[in-house]
Amino acid sequence: KVMRTASGSATDGISIVANGDVGVGTITPDSLLEVSKASADAEVLISCYHNTGSTTPKITFRKGDGSEASPALVDDDDVLGTIDFLGHDGVNFERGAKIEARVQGTSASNDLPTELTFWTTPDGSNTAAERVSIGADGAVALKSLAASPSVTSGYGKVFAKEALPGTVLLMHNDTSSFIDSGPQSLTTTVTGATQDTSEKKI
């Protein structure tokens, strides 16, 4: 059974298809809920009006082991939620980037240690790689970065290499030089093999 409400054309309104999927602006939704718009921004707006400052528009991701009737404890490395950014490559929709929340450690009653990770897909690939993580302890880690960061003049970039533990992060302020990103005026030195000569650490 298909239910549709429309004005002007079938794709203007809301469609509930036979399997229960809901389409807004589409009669062929690709998921439980799809909002589609042709030739314009497809915007989903969440509004809140209240005089209490802590009242807020909110999106909630909720994950539990077990079942809806009997949810259970989530485990270490369980993914609590993902925001995916997809683009069409001419054949399929592929992931260009994602943000993911993941349990980091052992959860218990009133205890849910979690890290937030940021992923991007490199050129020549359709597989995203983890680039930055904010750990449960608040530590920020940069991962899987190239030896020589590609930086366009006028933009800054903080970087580090996994192979150089303890490296102090620097801001690459143009195409040829680095500046200390910390509060002290520290001396920078070139380190590494030939392919790493553009990289500096303290």
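The chat below goes over a few residues and the confidence of a predicted model.

Biologist: What are the ground rules here?
Modeller: The model is predicted, so local features need pLDDT of at least 70 and side-chain atom pairs count only at pLDDT 80 or more, while totals for chains, interfaces and linings use all residues. Residues are numbered from 1 along each chain as its sequence is written, and side-chain values use heavy atoms, with hydrogens and water left out.

Biologist: What does the protein chain average in pLDDT?
Modeller: The average is 76, and 64% of the residues score at least 70. pLDDT is the predictor's confidence in each residue, from 0 to 100.

Biologist: Where does pLDDT stay under 50?
Modeller: Residues 171-202 are one such stretch, with 60 contacts beyond four places in sequence in the model. Residues 151-157 also stay under 50, with 14 such contacts. Contact means heavy atoms within 4.5 Å.

Biologist: Switching to D21. Where is the place of D21?
Modeller: D21 is in the loop between β2 (9-16) and β3 (22-24). Strands are DSSP runs of E, at least two residues, numbered from the N terminus.

Biologist: Buried or exposed?
Modeller: D21 is buried, because its relative accessible area is 11%. Buried means under 20% (1.4 Å probe, protein chains only).

Biologist: And which residues does D21 touch, not counting those up to four places away in sequence?
Modeller: S15, I16, P29, S31 and L32. The C-alpha atoms of D21 and E34 are separated by 8.2 Å.

Biologist: What about R131, where is that?
Modeller: R131 is in strand β10, residues 129-134. R131 counts as buried because its relative accessibility is 17%.

Biologist: Which side chain does R131 join in a polar contact?
Modeller: That of T120, at 2.9 Å. A polar contact is a pair of N or O atoms within 3.5 Å; within protein, one must be able to donate a hydrogen and the other to accept it, and residues adjacent in sequence count only if both atoms are side-chain atoms.

Conventions: Helix = DSSP H or I, 4+ residues; strand = E, 2+ residues; numbered from the N terminus. Buried < 20%, exposed > 50% of the residue type's maximum accessible area, 1.4 Å probe, protein only.
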